[in-house]
Amino acid sequence: MSTDAHNCTVIEEPTACISIYEFFFDEDERLVVQENAYSALDLIEEVINNPKRMHEISPTEFEKLVADVFNRLGYDVKLTERSGDGGVDVYATKSIDGLNFMLVIQCKQYALTRKVGVGIVRELFATQTDMQANKAVLVASSFFTRGAKEYAEEHKELISLMYGEELIKMIKGM
């Protein structure tokens, strides 16, 4: 075992390492996020090799997958606890020209035939507003209803929808 430039303990050579937003997280949360990142690395490989795998994983694994994707996009990420998360599964933060930028991300791991409805989009938008996050992102393994897409379009500066195929394209593009 060794440590890398980010002071992460390297058990085996990772393809990504989570950098923790020091001001935002405490020591216990840092350890949880690192463990989740390393378990998500194998999952990304599985999804790249077999996109249908995304629909077979648990909701918790889907959240880890989404967190790792945003981490690879340069965000510092924190997975929330299963209960009492207020509809937020992942917090993603990034400093852009010295200004902090925060995303609140909700993940819905649904069967392909089950669409995410407008109610869930409205709830996440309310959470984004309450938390004063810069943007909310709703990531679903399936699709969205027409009402959900219309509502998100009306508030596109503050909320984005991402469905399974888009997530797979992001993963393959990394």
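Which are the buried residues of helix α4 (residues 146-154)?

1. Overall composition. The model discussed here is predicted. Its secondary structure consists of five helices and seven strands. The chain has 174 residues, of which 45% count as buried. Among contacts between residues at least 6 apart in sequence, 57% join residues at least 24 apart.

2. Helix α4. The buried residues of this helix are Ala148, Tyr151 and Ala152. Viewed down the axis of α4, they fall within an arc of 100°, so they line one face of the helix. Arg146 and Glu154, on the other side of α4, are exposed. The packing partners of the buried residues of α4 are helix α3 (118-131) and strand β7 (159-163).

3. The aromatic pair between α3 and α4. Three aromatic pairs are found in a search of the whole structure. One of them is formed by Phe125 and Tyr151 in an edge-to-face arrangement, with 5.9 Å from centre to centre and 80° between the planes. Since Phe125 lies in helix α3 and Tyr151 in helix α4, the pair ties together parts that are 26 residues apart in sequence. Both Phe125 and Tyr151 are buried.

4. Ser142 belongs to the loop between β6 (135-140) and α4. Is Ser142 buried or exposed? Ser142 is buried, its relative accessible area being 1%. A polar atom of the Ser142 side chain lies 2.6 Å from the backbone oxygen of Arg114. With neighbours within four places in sequence left aside, the residues in contact with Ser142 include His55, Tyr110, Leu112, Arg114, Val116 and Tyr163.

5. Charges over rings. Arg114 also takes part in another arrangement: its charged end sits over the ring of Tyr110, 3.9 Å from the ring's centre. Elsewhere, Lys94 lies over the face of Tyr75, at 4.6 Å from the ring centre.

6. The nonpolar cores. The largest nonpolar core contains 25 residues, and those with the most contacts inside it are Phe62, Leu65, Val66, Phe70, Ile105, Val139 and Leu167. At least two residues of this core are supplied by each of α1 (27-49), α2 (59-72), β3 (76-79), β4 (90-96), β5 (99-108), β6 and α5 (164-173). Helix α2 gives the largest share, six residues. Apart from this core lies another, of 20 residues, among them Val88, Tyr110, Ala136 and Tyr151.

7. Val139 in the largest core. With neighbours within four places in sequence left aside, Val139 is in contact with Phe62, Val66, Phe70, Ile105, Gln106, Cys107, Lys108, Met162 and Leu167. Val139 is itself one of the residues with the most contacts inside the largest core.

8. Helix α5. The buried residues here are Gly164, Leu167, Ile168 and Ile171. Around the axis they cover an arc of only 100°, which puts them on the same side of α5. Lys169 and Gly173 are exposed on the other side of α5. Leu167 is also among the residues with the most contacts inside the largest nonpolar core.

9. Asp89. This residue has its place in the loop between β3 and β4. Asp89 is buried, with a relative accessible area of 6%. Not counting residues up to four places away in sequence, Asp89 touches Glu63, Lys78, Leu79, Thr80, Ile105, Gln106 and Cys107. The C-alpha atoms of Asp89 and Leu138 are separated by 9.8 Å, although the two residues are 49 residues apart along the chain.

10. Val77. Strand β3 contains Val77, which is buried with a relative accessible area of 2%. Its C-alpha atom and that of Thr93, 16 residues apart along the chain, are separated by 6.4 Å.

Notes: Residues numbered from 1 in each chain as written. Predicted model: local features only at pLDDT ≥ 70, side-chain atom pairs only at ≥ 80, totals over all residues. Heavy atoms only, no water. Buried < 20%, exposed > 50% of the residue type's maximum accessible area, 1.4 Å probe, protein only. Helix = DSSP H or I, 4+ residues; strand = E, 2+ residues; numbered from the N terminus. Arc of directions from axis to C-beta. Contact = heavy atoms within 4.5 Å. Polar contact = N/O pair within 3.5 Å; in protein donor to acceptor, adjacent residues only side chain to side chain. Core = buried A, V, L, I, M, F, W, Y, C linked by side-chain atoms within 4.5 Å. Phe/Tyr/Trp six-rings, centres within 6.5 Å; stacked < 30°, edge-to-face > 60°. Lys NZ or Arg CZ within 6 Å of the ring centre and 35° of its normal.
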